[in-house]
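Trainee: I would like to learn how to read the inside of a protein model. Could you walk me through it?

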Amino acid sequence: MPPFGFLHMRVWASLFGQLLRSPRAVCIREVHFHSQGTRDLSPQQMVVREKILDMVVGCFKRHGAKRLDTPAFELKEMLTEKYGEDSGLIYDLKDQGGELLSLRYDLTVPFARYLAMNKVKKMKRYHVGKVWRRESPTIVQGRYREFCQCDFDIAGQFDPMIPDAECLKIMCEILSGLQLGDFIIKVNDRRVLDGMFAVCGVPESKFHAICSLIDKLDKISWKDVRHEMVAKKGLAPEVADRIGDYVQCHGGVSLIEQMFQDPRLSQNKQALDGLGDLKLLFEYLTLFGIAEKISFDLSLARGLDYYTGVIYEAVLLQTPAQAQESFNVGSVAAGGRYDKLVGMFDPKGHKVPCVGLSIGVERIFSIVEQRMKTFGQKIRTTETQVFVATPQKNFLHERLKLIAELWDAGIKAELLYKNNPKLLTQLHYCEDMGIPLVVIIGEQEMKEGIIKLRSVASREEVAIKRENLVAEIQKRLSES
């Protein structure tokens, strides 16, 4: 019987027919069993995923964050007009005769709504959950329509740049801890961007549209972005060229100092405020010991409408081999300051300044997965510590009593669901599953009041008194 039940027998018959003709055709057809841009995760993939999430969440907890959760869907009006041009990617749910609802697009807007609804003025939170975006999926780059986000945010009125610096420190800790290779975190400020647009002659009505175009610079060349500015957004060519002079600049504190002296930019108060905060930020980043990982980059725009100050994005630096393979996952973490978002949800418009970051676990996951394939690493899908085996028939009752004893002692244990399994089959199972210890019980052991304890790796066996078995296993597991 096919795994999908009787209704799918014809589909399976069709696939089986194709399998004989073209294995590739089957791969293409199989994709349609679930929505394009989503995926099933195998036990092996879940092990890798859990390890990544444990490491990320461990870092969030180390920095004093509390966990929060919000519903998978929100009122549609709560999400619209918060994401700028990206609002078109929101998944709307069918009207069921009640409120108009949409699947959440990110974890930031629901967090802002939560703060406003509950009148929370100060909070350091983390949130791990799925979000949905109706965009073209790029599976090889870890880009999906349904994916998991890991967010960390600091809400509240504090002295400038201290929470922002901590967010960047967290990013560095996570990316270093995951050992993904060398990375750089690009930093900019929306006030510097808006000031730059103003002094270059961009009409204020076009700020957001031009900002979204600049956000594409990590994917397409300046020449193509300039063409879109002029041909599609109606910007004068000389205005686009002035923008081009700025967005191709990146560096450290010296570039911030240079921008303070810039004849055009230094005339704009907004830009000066942003540059002042960036200078202070770099001072704190130096104290945190991460300044060399941060680059002030005037091309960084972050297209989302809700950012109001510092913005940042982490990218992995490719080795020449990776560049040749064209394996580029884009940014692996990003975030910034959004001081006005909570006020949009508050009836009285009370603002709660916020800054946060999001770790792109799906992209990180695709990198780790690719590496494991390259190096042929084997993954244990269970955490079983002990296997209960017998070399003789009619010993099921003894095995069940023994395994219950192990479970009650908190030991992760398994047995084969057969009355009379062969010893070799049981030992092979342990080797295949990477189970480190086997306890063996048979007639001889029963007579002598002992249990044999076998190490799967070394194949050494020792006899242990039945009453000492749990203590001996716990001792061995604590030493491994």
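Mentor: Gladly! Let's begin with a term we need: a cavity is a set of grid points where a 1.4 Å probe fits but cannot get out, and its lining residues have an atom within 4 Å of a point. Keep in mind that this is a predicted model.

Trainee: Which helix gives the largest share of the lining of the second largest cavity?

Mentor: That is helix α17 (residues 423-433), with 3 residues. The lining is made up of Leu427, Cys430, Glu431, Val438, Arg454 and Val456, and it divides into 4 nonpolar, no polar and 2 charged. The volume is about 30 Å³.

Trainee: Is Cys430 buried or exposed?

Mentor: Buried means under 20% relative accessible area. Cys430 has 0%, so it is buried. Cys59 is also at 0% and therefore counts as buried. As for disulfides, the count is 0.

Trainee: How many cavities of 30 Å³ or more are found in the whole structure?

Mentor: The search finds 2. The largest holds about 40 Å³ of space and is lined by Arg49, Ile52, Leu53, Val361 and Phe365. Helix α3 gives the most to this lining, with 3 residues.

Trainee: And which residues have the most contacts inside the largest nonpolar core?

Mentor: Think of a nonpolar core as buried nonpolar residues joined through side-chain atoms. The largest here has 104 residues, and Phe60 and Ile243 have the most contacts inside it. Helix α6 (residues 162-177) supplies the largest share, 8 residues. Apart from this core lies another, of 18 residues, including Ile411 and Ile473.

Definitions and conventions
Residues are numbered from 1 along each chain as its sequence is written. This is a predicted model: local features need pLDDT of at least 70, side-chain atom pairs count only at pLDDT 80 or more; totals for chains, interfaces and linings use all residues. Side-chain values use heavy atoms; hydrogens and water are left out. A nonpolar core is a set of buried Ala, Val, Leu, Ile, Met, Phe, Trp, Tyr and Cys residues joined through side-chain atoms within 4.5 Å. Buried means under 20% relative accessible area, exposed over 50%, partly exposed in between (1.4 Å probe, protein chains only). Helices (H or I, at least four residues) and strands (E, at least two) are DSSP runs, numbered from the N terminus. A disulfide is a pair of cysteine sulfur atoms within 2.5 Å. On a 1 Å grid over the protein atoms alone, a cavity is a set of points where a 1.4 Å probe fits but cannot get out, and a pocket is an open set with protein on both sides within 12 Å along at least five of seven lines; lining residues have an atom within 4 Å of a point. Grid points are joined across faces, edges and corners, and a volume is the space filled by probe spheres set on the points. Ala, Val, Leu, Ile, Met, Phe, Trp, Tyr, Cys and Pro count as nonpolar, Asp, Glu, Lys and Arg as charged, and the others, Gly among them, as polar.
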